[in-house]
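Work through the exercises below with the model open. Each task is followed by a stepwise solution.

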Amino acid sequence: MNPLALATPQACFSYLDLHILFSLLTLYVLLPQDVSLALFPAEVLNDLYVTLDNVRDLMSLLAIATQVLVVVAVLMALLVGFLARRRQFAVLRAIGASRTTFFVSFGSKWSG
C-alpha cells in the first residue's frame, strides 16, 4: 500500500484539529483563571447558563408553591363560609329542606 495514499486532506485536517485541541487544553490547564477567561469566553457563558438553569428551577418551584398556597387559601375561605352558616344550615335541615334546596340556597348566596 502506498503511504502517500493515507495523506488525504481529511487526515491532515483531523491531525491538525487534534493538535490544536490538545494545545488549547494545555493552555487552559496552565493559565490562571482570570487570564484563561480572556482566551476561553465559553467558560463564562457556561457558568452563566448553569446559574440561569438553577434560577429557572427555583422559579418553577416558587410557582408551584404559590399555586398550592392559593388552593389552600380558597379551601380555607370555603370552610370559613360553611362554618359561619352552620346554624342556618341546621335550621334549614330542621324545617325539612332537601339537600337540593340546601345547595341551591348556598350557591345563590355565594354567587351574588
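Buried means under 20% relative accessible area, exposed over 50%, and partly exposed in between. The model is predicted.

**Exercise 1.** State what share of the chain is buried, and give its accessible surface.

Solution. Apply the burial cut-off first: buried residues make up 7% of the 112 residues. Then take the surface. The accessible surface is about 9,600 Å², and 73% of that belongs to carbon and sulfur atoms.

**Exercise 2.** List the secondary structure and find which element has the lowest mean pLDDT and which the highest.

Solution. The chain has five helices and zero strands. From the N terminus the order reads α-α-α-α-α. Next, turn to confidence. The chain averages a pLDDT of 77, and 70% of the residues score at least 70.

**Exercise 3.** Classify the aromatic pair and the burial of its two rings' residues.

Solution. The count comes to one aromatic pair. Phenylalanine 82 and phenylalanine 89 form this pair, with 6.1 Å centre to centre and 55 degrees between the planes. Stacked needs under 30 degrees and edge-to-face over 60, so the rest are tilted. The pair is therefore tilted. Phenylalanine 82 is partly exposed because its relative accessible area is 34%. Phenylalanine 89 is buried because its value is 9%.

Technical notes: Residues are numbered from 1 along each chain as its sequence is written. This is a predicted model: local features need pLDDT of at least 70, side-chain atom pairs count only at pLDDT 80 or more; totals for chains, interfaces and linings use all residues. Side-chain values use heavy atoms; hydrogens and water are left out. pLDDT is the predictor's confidence in each residue, from 0 to 100. Helices (H or I, at least four residues) and strands (E, at least two) are DSSP runs, numbered from the N terminus. Rings of Phe, Tyr and Trp (its six-membered ring) pair if their centres lie within 6.5 Å; planes under 30 degrees apart count as stacked, over 60 as edge-to-face and the rest as tilted. Buried means under 20% relative accessible area, exposed over 50%, partly exposed in between (1.4 Å probe, protein chains only). Accessible areas come from the Shrake-Rupley method with a 1.4 Å probe; for residues, only the protein chains shown count as cover.
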